[in-house]
Amino acid sequence: MRQKIVAGNWKMNKNSEETEDLINELIDKLPTDLETTVIIAPTFVNLASAVDHTEFTHIRVAAQNMHQAEGGAFTGEISADMLKSIGVDIVIIGHSERRAYFHETDALLANKVETALKHDMTVIFCFGEELKDRSTKSHFNIVENQLRDGLFNLPESAWANIVLAYEPVWAIGTGETATPEQAQEMHEFIREIVRKQYGSTIADTVSILYGGSVKPDNAREIFSKPDVDGGLIGGAALKADDFVAIAEAI
Ligand code: PGA
C-alpha cells in the first residue's frame, strides 16, 4: 500500500517563536492515531528547534531546499550533511518558487537529488506546468520532461526514497485549484511514465502528492482520487486548524 502523506511547506514564514507555537498547536490538535505521515517544512533557521519539539511525536521535519555540493565556498548555502547532523532527513527539491525565482534548472535539480540520496535523505521532488503550458496543451510533455530530467537517471533502488509532488504552477498560492479530475488525470499519467521507465513495483508504491491551493474544503475530494496519495500544502499549512483538517481528510 502506498504511503499517505500530508506535508506543510511553510516557505519564508514564521519566526522562531511562531514556529514553536504552531508546532505546539499541531501536536495538540493532530489525532495521535493518524495513519497519514505528517511532515512540516519550516525555514532553515528553525529546523533544529522543530526537530527538538517534534521528537516524541509522529510529526516529521523537512527542509525546503539544500545545496548540491558536499560543502565549501558557497556563501549562504546549506548542505545535506548539515541537515542530517540536526536530524533532518527529508528535503523538498524543485519547488516551483525555487525554479522560478532562483533559476533552478532540471540539471541542477538532478544534482541536488543525487546528493540528497547519497546522504540517505528522502526527497520530495516537485514539478508541474505553468498556465501557458496548459493553454497550449503541452502540460503532459512538460511534466514528463521535468520527471525524466530530474529523476530518470536514478537507479531503481533510489525510488524507495522518492516522493513525487505534482504542483501545477498556476494553482500555487492563487486560490485556484486543479479540479480533482485534472489532478487525477495528471497523477495517473505520471504513474504510467514511472511504470514504463521503472516497472510496476515502483510505479505502484511511489507516493504522488498534489499541491496547489489545497484547503480544508477541497482536500477530501482531491484526496479521494485513486492516484492522489496526499498533498503538499503551502498557505493552509500555516494555520493549525486548516492543516489538521487537511491531514484528517485523507
Ligand atoms: P499553496 O502552496 O498551498 O499555498 O498553493 C503549495 C506549495 O507551494 O507547495
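Student: Which residues does Ile190 touch, if residues up to four places away in sequence are not counted?

Tutor: In this predicted model, Ile190 touches Phe127, Val143, Leu147, Leu164, Tyr166 and Ile208, with residues up to four places away in sequence left out of the count.

Student: Which residues have the most contacts inside the largest nonpolar core?

Tutor: A nonpolar core is a set of buried nonpolar residues joined through side-chain atoms within 4.5 Å. The largest one here has 67 residues, and those with the most contacts inside it are Leu26, Leu151, Trp159, Leu164 and Ile190. Helix α8, which covers residues 180-198, supplies the largest share of this core, namely 6 residues. There is also a second, separate core of 13 residues, and Ala7, Ile39, Ala62 and Cys126 are included in it.

Student: Where is Gln146 placed, and is Gln146 buried or exposed?

Tutor: Gln146 sits in helix α7, residues 139-151. Under 20% relative accessible area a residue counts as buried, and Gln146, at 10% relative accessibility, is therefore buried. Once its neighbours within four places in sequence are left aside, Gln146 is in contact with Arg99, Asp106, Phe125, Phe127 and Gly128, and Phe127 is also among the residues that Ile190 touches.

Student: How should I read the packing of two helices, and at what angle do the axes of α10 and α11 cross?

Tutor: Two packed helices are described by the angle between their axes and by the distance between those axes. For helix α10 (residues 216-223) and helix α11 (residues 240-248), the axes come within 8 Å and cross at roughly 20°. Angles under 35 degrees count as roughly parallel, so α10 and α11 are roughly parallel to each other. Their crossing is right-handed.

Student: Which residues of α10 and α11 meet?

Tutor: From α10 come Pro216, Ala219, Arg220 and Phe223, and from α11 the residues that they meet are Asp242, Ala245, Ile246 and Glu248. Sorted by class, this contact of α10 with α11 has 5 nonpolar and 3 charged residues, and no polar ones.

Student: What is the phi of His103, and where does His103 lie?

Tutor: His103 has a positive phi of about 55° although it is not a glycine, and it lies in the loop between α4 (96-101) and α5 (106-118). His103 is exposed, with a relative accessible area of 62%.

Student: Is Ser213 buried or exposed?

Tutor: Ser213 is buried, with a relative accessible area of 8%. Although not a glycine, Ser213 has a positive phi of about 55°, and it is found in the loop between β7 (208-211) and α10.

Methods. Residues numbered from 1 in each chain as written. Predicted model: local features only at pLDDT ≥ 70, side-chain atom pairs only at ≥ 80, totals over all residues. Heavy atoms only, no water. Axes fitted to C-alpha atoms, helices over the stretch in contact; angles between N-to-C directions. Helix = DSSP H or I, 4+ residues; strand = E, 2+ residues; numbered from the N terminus. Parallel < 35°, antiparallel > 145°, perpendicular 65-115°, else oblique. Left-handed = near helix turned anticlockwise from the far one by under 90°. Contact = heavy atoms within 4.5 Å. Nonpolar A, V, L, I, M, F, W, Y, C, P; charged D, E, K, R; others polar. Buried < 20%, exposed > 50% of the residue type's maximum accessible area, 1.4 Å probe, protein only.
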